[in-house]
Amino acid sequence: MDLILWRHAEAEVAPEGGDDLSRSLTKKGERQAMRMASWLDRHLPEGTRVLVSPSRRTQQTVMSLGRKFKLRDELVPETSVDDVMNLLKWHPETGPQLKGPVLLVGHQPYLGQLVARLLGMRDEMCPVRKGGVWWLRTRIRDGQPQTVLLTVACPELTSSSWDDRS
């Protein structure tokens, strides 16, 4: 199974007492989403399932990709890494039960916690940059599931204007 984790692009700061789920992307975030979507579109296999947090910023991020996606309440910002593992039908001893590639568009901290857990990192969380993608692959080695990191990509390095840090 390939698991592609895409953190939403840069979003506006929520106003005092505002609804976190309704935050929109900034102009920079829109550019980040477009760059990353262009890169993903060239690399994602056909038939990739796309699961997305119901937040406005994740939906705006994935809409740049132009593929069908499914909103999942399990992917709200305050969810736990265990809830994400359950959504993916990922068992600690046997690995993922889902077949085929899955693109998950979501939030920190659970994306970083998922990376750390699946890669066996000592820290409980790995920083995942806004708009960035972590591509993991799980395979069976000697009867045990093994997760490897295929690539990490960020919007600034996915286009010909990679030196544009705006």
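Among contacts in the protein between residues at least 6 apart in sequence, what share joins residues at least 24 apart? That share comes to 62%. Keep in mind that this is a predicted model.

**View 1. The whole chain, element by element.** Here you can pick out four helices and eight strands. Starting at the N terminus, the elements go β-α-β-α-β-α-β-β-β-α-β-β. The C-alpha trace spans about 50 × 40 × 30 Å along its principal axes. A compact globule of 166 residues would have a radius of gyration near 15 Å, and the protein agrees, at 15 Å.

View 2. Of the 166 residues in the protein, 46% are buried.

**View 3. Thr147 in its strand.** Zoom in on strand β8, which covers residues 144-153, and you'll find Thr147 there. Is Thr147 buried or exposed? Thr147 counts as buried because its relative accessible area is 17%, under the 20% cut-off.

View 4. The side chains of Thr147 and Thr138 are joined by a polar contact of 3.0 Å. Setting aside neighbours within four places in sequence, Thr147 also touches Trp90, Leu118, Leu119, Leu136 and Arg137, among others.

View 5. Across the protein the mean pLDDT is 91, with 95% of residues reaching 70 or more. Over residues 162-166, though, the pLDDT is below 50. In the model, that stretch has seven contacts beyond near neighbours in sequence.

Key: Residues numbered from 1 in each chain as written. Predicted model: local features only at pLDDT ≥ 70, side-chain atom pairs only at ≥ 80, totals over all residues. Heavy atoms only, no water. Helix = DSSP H or I, 4+ residues; strand = E, 2+ residues; numbered from the N terminus. Buried < 20%, exposed > 50% of the residue type's maximum accessible area, 1.4 Å probe, protein only. Polar contact = N/O pair within 3.5 Å; in protein donor to acceptor, adjacent residues only side chain to side chain. Contact = heavy atoms within 4.5 Å. pLDDT = per-residue confidence, 0-100. Rg over C-alpha atoms; globule rule 2.2 N^0.38 Å.
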